[in-house]
Amino acid sequence: MMTPEYSNNERALKNRWLELKNRKDEFLKTRCTELKHIPDGFNLSQTNCQYITVSQADYCQTSCAYYKDKIQPIVEEMEQIQETHPSFLE
């Protein structure tokens with residue numbers, strides 16, 4: 001049986017994770033500001049950040065200031081929560 005402290009902690013972590021996810025989703029809805037810097041050969045049919053972070057993940061994670069400043073810290077915190085308390089996401 002879970003103690004009330006454990007239950008409250010799990011609830012707080014889940015709420016924090018969902019808050020981070022929503023914030024990340026908002027940042028990903030924007031138009032990519034790095035389009036002119038993405039290496040040649042990239043298909044520009046989709047210009048939203050979410051699509052580009054998936055299709056051009058290497059570029060975004062290493063070279064995109066917007067990704068590094070806005071999205072990466074959120075992703076890292078979400079991963080840390082998942083690694084230390086994965087049970088609340090089940």
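1. The largest cavity is lined by C32, T33, E34, C49, I52, T53, C60, C64 and Y66. A cavity here is a set of points, on a 1 Å grid over the protein atoms alone, where a 1.4 Å probe fits but cannot get out, and lining residues have an atom within 4 Å of a point. The volume of the largest cavity is about 40 Å³, where a volume is the space filled by probe spheres set on the grid points, joined across faces, edges and corners. The structure holds one cavity of 30 Å³ or more.

2. On the basis of the note: this is a predicted model, in which local features need pLDDT of at least 70 and side-chain atom pairs count only at pLDDT 80 or more, while totals for chains, interfaces and linings use all residues. Residues are numbered from 1 along each chain as its sequence is written, and side-chain values use heavy atoms, with hydrogens and water left out.

3. The lining of the largest cavity comprises six nonpolar residues, two polar and one charged. In this division, Ala, Val, Leu, Ile, Met, Phe, Trp, Tyr, Cys and Pro count as nonpolar, Asp, Glu, Lys and Arg as charged, and the others, Gly among them, as polar. Helix α2 contributes the most to this lining, with three residues.

4. As to the overall fold, the protein chain has four helices and zero strands, in the order α-α-α-α along the sequence. Helices (H or I, at least four residues) and strands (E, at least two) are DSSP runs, numbered from the N terminus. Of the 90 residues in the protein chain, 26% are buried; buried means under 20% relative accessible area, exposed over 50%, and partly exposed in between, with a 1.4 Å probe and protein chains only. Among contacts in the protein chain with a separation of 6 or more, 47% join residues 24 or more positions apart; contact means heavy atoms within 4.5 Å.

5. T53, one of the residues lining the largest cavity, belongs to helix α2 (residues 49-55). T53 counts as buried, at 15% relative accessibility. Its side chain reaches the backbone oxygen of Q50 at 3.0 Å. Residues up to four places away in sequence aside, T53 touches L28, C60 and Y67.

6. The structure holds one aromatic pair. The ring centres of F27 and Y66 are 6.2 Å apart and their planes stand at 90°, so the pair is edge-to-face. The pair links distant parts of the chain, with F27 in helix α1 (residues 4-28) and Y66 in helix α4 (residues 65-84), 39 residues apart. For such pairs, rings of Phe, Tyr and Trp (its six-membered ring) must have centres within 6.5 Å; planes under 30 degrees apart count as stacked, over 60 as edge-to-face and the rest as tilted. F27 counts as partly exposed, at 21% relative accessibility, and Y66 is also among the residues lining the largest cavity.

7. Two further pairs of residues may be inspected by their C-alpha positions. K70, in helix α4, is partly exposed with a relative accessible area of 37%; its C-alpha atom is separated by 9.5 Å from that of L28, 42 residues apart along the chain. E10, in helix α1, is buried with a relative accessible area of 8%; the C-alpha atoms of E10 and S87 are separated by 8.4 Å, and these residues are 77 residues apart along the chain.

8. Q46 lies in the loop between α1 and α2 and is partly exposed, with a relative accessible area of 37%. Leaving aside neighbours within four places in sequence, Q46 is in contact with Y51 and I52. Q46 and R31, 15 residues apart in sequence, are 9.1 Å apart in space, C-alpha to C-alpha.

Technical notes
Polar contact = N/O pair within 3.5 Å; in protein donor to acceptor, adjacent residues only side chain to side chain. 1 Å grid on protein atoms, 1.4 Å probe; cavity = no way out; pocket = protein on both sides within 12 Å on 5 of 7 lines; lining within 4 Å.
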